[in-house]
Amino acid sequence: MTVVLFDMDGVILEGLRTDPQVYADAADAALAELDADPTPPQRRDFRNHDEERIRTHCTELGIDPSQFWERKEAYASSGTHDRLRSGERDPYDDIDAIRDLGDRTAIGLVTNNRHETAEFVADYFGFDFDVVRGRDPTFDGYDRRKPDPYYIEDALADLGVTDGLYVGDSVTDVTAGHAAGLETAFLRRPHNRDRERPPNATHELESLTELPSIVEPSDSS
Ligand SMILES: [Mg+2]
């Protein structure tokens, strides 16, 4: 296997995604920083991710949409990092398997989550990833999330390879990995236990500890 790329939320970090409260707090902090005073319905939209609504409200309030978005993403990252440091959100207990695999083959992290958080997680949990790619803090960056293979392809280009394996816990991971020309592994976690295996998933894993069974050793000795 040339490279094994991992999804982050639901693979390394417990749970499906960032808690909505993190984005609510981040939106409020960004609005305060920009001296904006939205109505309650506007604030509700700012806490979510609908680009059109956010652009409209930014125009109504006289603030720059791109700047608001970038600040909200930055606050969401620091809020997430606080939760990881305090143990409010934990990693899964089988992530040592990723570190072990890194001794034998190239590994990478490719997530829909924010790039800043991907970098934090790689560093905080001591992974030696060869490439880390999360979403850019822009509207376009948000649109390029999986199932779009954009960030996976970007990571492969960064490594100068075209084949490998993508490990994820959702259907969109399998779709994106497949679209990028990779083998895919659908990882079972408590939140997707009853989901049907995506039909085009190459492999299915009950735990990251099963990785060696599908990843051939890269040394030819
Ligand atoms: Mg996931």
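Reader: Hi! What kind of model is this, and how are residues numbered?
Author: It's a predicted model, where local features need pLDDT of at least 70, side-chain atom pairs count only at pLDDT 80 or more, and totals for chains, interfaces and linings use all residues. Residues are numbered from 1 along each chain as its sequence is written, and side-chain values use heavy atoms, with hydrogens and water left out.

Reader: How many residues touch between them?
Author: 16 residues of domain 1 are in contact with 17 residues of domain 2, contact being heavy atoms within 4.5 Å.

Reader: And how much area do they bury?
Author: About 1,500 Å², with 61% of it on carbon and sulfur atoms. Buried area here is the accessible area (1.4 Å probe) that two parts lose on being put together, summed over both. On the domain 1 side, Arg114, Phe120 and Phe139 supply 47% of the area buried against domain 2, more than any other three residues.

Reader: How many salt bridges cross that interface?
Author: The rule finds one, where a salt bridge is a side-chain nitrogen of Lys or Arg within 4 Å of a carboxyl oxygen of Asp or Glu.

Reader: Which elements of domain 1 touch domain 2?
Author: β2 (106–114), α6 (115–124) and α7 (139–143) each supply at least two residues, and α6 gives the most, with five. Helices (H or I, at least four residues) and strands (E, at least two) are DSSP runs, numbered from the N terminus.

Reader: Switching topic: what holds the magnesium ion?
Author: Its protein donors are Asp7 (OD), Asp9 (O) and Asp169 (OD), lying 2.1 to 2.2 Å from the ion. Donors are N, O and S atoms within 2.8 Å of the metal (3.2 Å for Na, K and Ca); water is not among the atoms, so sites may look incomplete.

Reader: Where do Asp9 and Asp169 lie?
Author: Asp9 is in the loop between β1 (3–6) and α1 (20–33), and Asp169 in the loop between β4 (165–168) and α9 (171–179), so the pair ties together parts that are 160 residues apart in sequence.

Reader: Which peptide bond is cis?
Author: The one from Lys146 to Pro147, with omega near 15°. Pro147 sits in the loop between α7 and α8 (150–159).
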